[in-house]
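Please open the structure in your viewer and keep the selection panel at hand. We will go chain by chain, with something to select at each stop.

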Amino acid sequence: MAYPKSYRYTKEHEWIEVKGDLATIGITDHAQHELGDVVFVELPKPGAKIEAGKSFGTVESVKAVSEIYAPASGEVIETNGELQNKPETINNDPHGAAWLIKVRLTNAAAIRDLMDAPAYEAYIAEKGKETSA
Amino acid sequence: MNDNIKKAKRHVNQNEGLIFEKSSPGKRAFELPPLDVPKAEPSNALGAHHRREGVEGFPEVSEIEVIRHFTRLSTWNHAIDLGMYPLGSCTMKYNPRVNEFVARLEGIATEHPYQPQELSQGCLKILRLLEKCLLEITGMDAITLQPAAGAQGELTGLLLIRAYLQKQGNPRKRVLIPDSAHGTNPATAVIAGYEVENIKSNEHGQMDIENLQKLVTEDVAALMITNPSTLGIYEQNLPEIAQILHAKGALLYMDGANMNALAGITRPGDLGADVMHLNLHKTFSTPHGGGGPGAGPVAMKKVLERFRPVPILVEKEGGRLALEPVRPDSIGRVKAFSSNFGVLVRALAYILAYGPGVRQATEDAVLNANYIRRHLEGVYDLPYSLPSMHEVVFSDALQKKNGVNTMDIAKRLIDYGFHPYTTAFPLIVPGALMIEPTESESREECDLFIGAMKAIADEAARQPEIVKTAPHTTRVRRLDEVGAARKPVLRWKPAAQRSTAQTSGARD
Amino acid sequence: MRYLPKSPVERQEMLAAIGAKSIDELFSSIPAKYRLREALKIPGPYSEAEIIQYFKERAAENAAGYTSFLGAGVYNHQRSVVTETIIQRGEFLTSYTPYQAEISQGTLQAIFEFQTLMCQLTCQDVANASMYDGSTATTEAVLMAERLTGRRRVLVARSVHPEYREVLKTYAKNSGLRIEEVPFTASGTVDVKALQSALKDDAAAVVAQSPNFFGAIESYAPLAEAAHKVGAMLVVAIAEGVSLGLLSPPAEADIVALEAQSFGLPPSYGGPFAGVIAAREKYVRQMPGRLAGQTTDIDGHRGFVLTLATREQHIRREKATSNICTNQALCALAATVHLTLLGKEGLREMAEQNLSKAQFALGELLKIPGVRRAFDAPFFNEFTVEFPRSVKIVNSHLMREKIVGPLALGTAYPELTKNALVCVTETTPRAEIERFAGAVKRALEQPV
């Protein structure tokens, strides 16, 4: 699956798309693939504050739980309610329909420090080499 | 059927629905003697708003249907009584039947925990003798039999450590736990109010002493260590580890899950452990019963004795025994009504059957594990090569090349008539196969197991599909765990109340 | 040794196959100075007959031959040989936790049936596969309420079993939970006014038991209303399960902690029993303990698996909902078989007999001069009476007449030293109730 060029990516495998001071956050295709069939997602309520680098929720498969880390700081303005009934969306469309939360950023400029798509693809390719070695 | 499958043959077993689906109003399986006092009218005695008109949905069936229902269900289980159950870390040994008999005796099973202690001396003597035996086996100074299971034993042990440190002015912050540990260790530490620091094992799967020296500070309350480790390897440096901890005022907690490798050979108390729990349902043969009940006594050094949970068993003048409910320094009570007494009775019956010969059981357990290791080494990858004690951990590295993983091999083992080994644990071995035969297996049974494992390795190389789609002979095949977790159906409901999601595709 | 399936020759041959000269060689990783040189000093080895003899001797030193009026969380009810027969089948007795679903369908389906029975009894949506006992289930229910509300203050009725409260305090001590107690009224039930004034929006849970430790039946509605008003959860503990055959279920509760001992498990000097947590469906992901769920296999056949395992310690480790690993599967199975035998009618009849016998016993005791009923709330099979003198003295007289008297409440409630908790079940014959009342009368007539 292609990694959208307009997104930025974290080392913990989240993506963020920023428009003005509004951002949409999700987990990457690589993350959903590593996790396997997603069965449950736990997300913060609108109004909650999230802090860059800190966990704001979890995503679960049958036998694993993964924390989701905030790529940037801000206030949650909307969460993707569809995922409660259809967690499999995360496996099917991680970069689109399976967005997790929308956030009003405190400092939109800070996301410049995150990886762009080519850097992230290089990063996961490198990680893949490590594990198979 | 495959000629390599020597242990098992297919046989018919009965279909059986849920008990609720057999229910029909008016059938009954139980009758009470007639009431010999005037009947109280519930509405008058209770008041109308406290009264209930029967339990909606409760089954109504006859006695023969109850017997057949549960007997049929039972035939769908594998069990130690049917054959080897080599679940690593679980110590699935023979559960002697005499233990069941004595636990059900009139005067044992019938006793009430609040009856006067002068009418409970038999129960208290059983507790006392078990305490003495376990202290002798562990080399510790004091013990509590109260915890209901291993996990509660762990918690009790950590609370003892916490109380001891608190008494000295500072309960400290952190508990160190090796990455090879069982998941309960960190979960327990958190409930005891500690932060968990996971520490990496060295390349032999052992505690890295130099690293430990750096990690143990005045902030560390304890190290929780399993010995032998979950790799089945004896931790050689336990006395040194204890010294490092003690030098900084911290204590050593030993998880006794693997005591079946040590009983009668060496004693954790002599090795420097300050506190440990025992899983009576592992080492001391009380039945697992499909997942409990267990019991998790905690043995400790003198310094922790005064903090034990109440009630405390004490010997009074003239040898009379008593349970004392109040102790000023006690961590409190961890469970109502003293203990899982019925489980303790069974454990004592087991110990009495062996006496000092418990050593022979340990030797045979280690012999079986090494025999299996010898025959499967090379057939399966052995990631850590130090000597094995009571269990051996292989990995699926060789079979992975053909796309076959430890879970596939485990499932295929079912077709060969065996319960699988423990899969994917310990976490430090990717694709682990953790095999613990216990002393209860004959050479013949071990040979059959070895034969099955070799045959599966061969299949994995030549026809991996048959392994990847196993089991092929069970009444249900691989189950949809993803569906079960996404849309949980956790109880039966009458058809009218059921959603379509619950019934679709389900047929018996 | 009769449990070990190897001959000396086989041991030698296996050692030879391994390439070891002696069994000691297999233990060479243990430094010699730490290896035991002497045999352990423990009694045995005993034959089967000697083991039975030992335990029969101990049994004779207990209370056999006495009639007991004790309850207080452990009840003597009719049990069936059918239950014992089923739970001693090796396929249930000697199997492990059903992680390998394909060869554990028997245990898994039985757990699913147990969960269903517990939901039906409590009128809750989901129930777990069991926990250690009622005391730890109550504690786990409170911790669950803490996670769900994010609050740390818990109000526990003083009429909750004193040992349940002690266990809760042990667990709470290091988790930052503040436990406060709510008094009881002259009727023996929770003082709702006191509860209301203690409740603020920092309360995670209100904990009450029904029938409570004094035998008094609580009304759930006012407790639920008071708790919910400030956003707290109502946790109801039920120590006497048979009461649910006749009493309104705790449908208003958010979480129910049930002790299942009354369903076919012997008193066994305090355990093993089986606790259960039942709750509303929306709380299931914060529920501790194992859960069996229905699903299908790849051929579409119905089957059962352990599910929602990500809540548990073996996956979530330090972030788990609880450190509990085991349930009390065999005890839960016994309860399942027992309740299936009883069925809808049997459970109701058993409950009605308990009520009738307890009413009769109270009537007999109240005929004795100086004996009065302590609390006027309705009761099920236990009630509190006040004697004109200390219960301990009365009980020592009763013992001479081969009666184990009622529980003296003074130990746990210093203000109630003359109060006794009397329990009568369907197993107590009328003649024994009359003999008990006669013995109490004689005890009270004795000069001080």
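**Stop one: chain A**

Select chain A and look for what is tucked away: of its 133 residues, 38% are buried, a residue being buried if 20 or more other C-beta atoms lie within 10 Å of its own, exposed if 12 or fewer, and partly exposed in between, with C-beta atoms placed from the backbone. Before going further, note that this is a predicted model, in which local features need pLDDT of at least 70 and side-chain atom pairs count only at pLDDT 80 or more, while totals for chains, interfaces and linings use all residues. Residues are numbered from 1 along each chain as its sequence is written, and chains are lettered from A and ligands numbered from 1 in the order in which they are written.

Switch to cartoon view: chain A has four helices and nine strands. Helices (H or I, at least four residues) and strands (E, at least two) are DSSP runs, numbered from the N terminus. Following the chain along its sequence, you pass β-β-β-α-β-β-β-β-β-α-α-β-α. The radius of gyration of chain A is 14 Å, close to the 14 Å of the globule rule for 133 residues, so chain A is as compact as a globular protein of that length. That radius is taken over C-alpha atoms, and the rule is 2.2 Å times the number of residues to the power 0.38. Along the principal axes, the C-alpha trace of chain A spans about 45 × 35 × 25 Å.

Contacts come next: two residues are in contact if their C-beta atoms, placed from the backbone, lie within 7 Å. Of the contacts in chain A with a separation of 6 or more, 62% are between residues 24 or more positions apart.

**Stop two: chain B**

Now select chain B, where you will find 17 helices and 12 strands. Its C-alpha atoms fill a box of roughly 70 × 70 × 45 Å along the principal axes. Buried residues account for 57% of the 508 in chain B.

Zoom in on residues 406–415 of chain B, helix α13. How many of its 10 residues are buried? Nine are, so the helix is largely enclosed by the rest of the structure. Among the buried residues are B:Thr406, B:Ile409, B:Leu413 and B:Asp415. To see what covers them, show elements including α12 (397–400), β12 (432–435) and α14 (443–462) of chain B. After α13(B), click on B:Gly417, whose phi is positive, near 90 degrees.

Next, pick out the open sheet of three strands in chain B, ordered β10-β12-β11 with antiparallel pairing. β10 (392–395) and β11 of chain B are at the edges with a single partner strand each, so one side of each has no neighbour in the sheet. Two strands pair if DSSP finds at least two bridges between them, and two bridges join β11(B) to the antiparallel β12(B). To find a bridge, select B:Thr423 and its partner in β12(B), B:Leu433.

**Stop three: chain C and its contacts**

Show chains B and C together: their contact takes 166 residues from chain C and 171 residues from chain B. On the chain C side, α11(C) gives the most, with 23 residues. That side of chain C divides into 81 nonpolar, 54 polar and 31 charged residues; here Ala, Val, Leu, Ile, Met, Phe, Trp, Tyr, Cys and Pro count as nonpolar, Asp, Glu, Lys and Arg as charged, and the others, Gly among them, as polar.

Now colour chain C by domain: domain 1 is 67–78 + 343–445 and domain 2 is 81–338, with bounds from an automatic or database domain assignment. Their centres, taken over C-alpha atoms, are 28 Å apart. Between them, 25 residues of domain 1 of chain C are in contact with 23 residues of domain 2 of chain C. On the domain 1 side, α11(C) supplies the largest share, seven residues.

**Last stop: two residues of chain C**

Select C:Ala72, in the loop between β1 (67–68) and α3 (81–87) of chain C. Is C:Ala72 buried or exposed? With 25 C-beta neighbours inside 10 Å, C:Ala72 counts as buried. Not counting residues up to four places away in sequence, C:Ala72 touches B:Tyr114, C:Leu407, C:Leu421 and C:Cys423.

Finish at C:Asp125, in the loop between α5 (105–122) and β2 (126–127) of chain C. C:Asp125 counts as partly exposed, with 15 C-beta neighbours inside 10 Å. Leaving aside neighbours within four places in sequence, C:Asp125 is in contact with C:Cys119, C:Arg280 and C:Glu281.
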